[in-house]
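This report describes selected residues and ring pairs. Please consult the sequence and the structure shown here while reading.

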Amino acid sequence: MANTIPNPTLLQKNLLKWFDQYKRDLPWRRTRDPYAIFVSEMMLQQTQVKTVIPYYKRFLQRLPDWKSLAKANEEMVLKLWEGLGYYRRARNLMAAAQKIIRDYDGELPDTMEKILEIPGIGPYSAGALLSIAYQKPYPVVDGNVIRVFSRLFLLKGNLKTGKGHKKVWEWAHKLISHQRPGDFNQAVMELGATVCLPENPQCLLCPLLHLCPAARQGLQTHFPQAAKPSVTAEVSMAALFIGRSGKALVKKRSQDEKWLKGMWEFPSAEGKSFEDALRKLELDLKVKAGREELLEVRHQITHHKIRLRFFRATPPHPGPLLDGFKWVKLSGLRRLPFASAQGKLRKWLLDNDA
DNA sequence: TAGGCGTGGAG
DNA sequence: TCTCCAAGCCT
């Protein structure tokens, strides 16, 4: 079957009309403030809309403009970010604010060249900021755009990297609306997030159904084509819960660790088995642990599936605290975190950490 | 270029 | 329970 190319004008018109009628009411769509839009874009990197909303509101309430963010202390910014993940984004956000105050007199620049120099801003975010905050006709490509375009244009192969990815950008450049670039970009993403879903795409609700060759051929779930399956390794870890008078001992991970460098965790170790890991811990900390498993927590970190089992241990002999350890106050542990932001513990732990 | 970086939603 | 992957960036 011929790969018919949808008419760009028609595509824009249908999509924008649908967007006007069905777009979600999101807090960052109620402002034109480049700062607020910038914050939202940083938070939205690899993070779902629903997750971001409460963080976004709290962040803007506490740090409403470039100036307040630029002079904020890092502990406070990380605290506001706690639980969102990818903590480098929080530091980049601060660095961005400082740069904008220092180099641009407190105004987000409006050229691609300058925007790309801002820490934490790559091709996607630059396009989003220029189109949404400044109505400039730059496209965006994210996971949604890849999925929508792969179906609309029957794009084959891996579209996340290399030539395939470049192809998606070329389509995005061709299709961007010059009248309403910000709305067009958001509309494609909105369609991907609410209608053109990875599984069970809602084609009957799609404003582009009549333009979509994948849907016409019943191939919508065959696009985008699956990337090569990633090999994941299974890792066994043991962790110690060492409590004393309402407090628990936590440890800062070293910079030599494979993951979560510099983050706080309950003392843990890897091993060939849980027992093996537990013995290492006992040896390292010079403590004796019980063999009764308190809890098993599972974690996914790039290409690793981790099972972390917690065991109770009696506190080490009181004396000077070892370097990199500290006691945190806990009243009740409902969930045990694996590790957390640099110098911080995850919120359900800090809730109890007066 | 591929791997590291966090957490949680959803099927 | 398991898997996939989300408004990506950096090295």
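## A buried glutamate

Glu190 counts as buried because its relative accessibility is 2% (buried means under 20% relative accessible area, exposed over 50%, partly exposed in between, with a 1.4 Å probe and protein chains only). Glu190 belongs to helix α11, residues 181-194 (helices are DSSP runs of H or I with at least four residues, numbered from the N terminus). Its side chain makes a polar contact with the side chain of Arg29 at 2.8 Å (N or O atoms within 3.5 Å, one able to donate a hydrogen and the other to accept it; residues adjacent in sequence count only if both atoms are side-chain atoms).

## Basis of the model

The model is predicted: local features need pLDDT of at least 70, side-chain atom pairs count only at pLDDT 80 or more, and totals for chains, interfaces and linings use all residues. Residues are numbered from 1 along each chain as its sequence is written, chains are lettered from A and ligands numbered from 1 in the order in which they are written, and side-chain values use heavy atoms, leaving out hydrogens and water.

## Aromatic pairs

Nine aromatic pairs are present (ring centres of Phe, Tyr or Trp, the last by its six-membered ring, within 6.5 Å; planes under 30 degrees apart are stacked, over 60 edge-to-face, the rest tilted). Trp28 and Tyr56 form an edge-to-face pair, with centres 5.2 Å apart and planes at 75°. Trp28 lies in the loop between α1 and α2, and Tyr56 in helix α3, 28 residues apart.

Conventions. Helix = DSSP H or I, 4+ residues; strand = E, 2+ residues; numbered from the N terminus.
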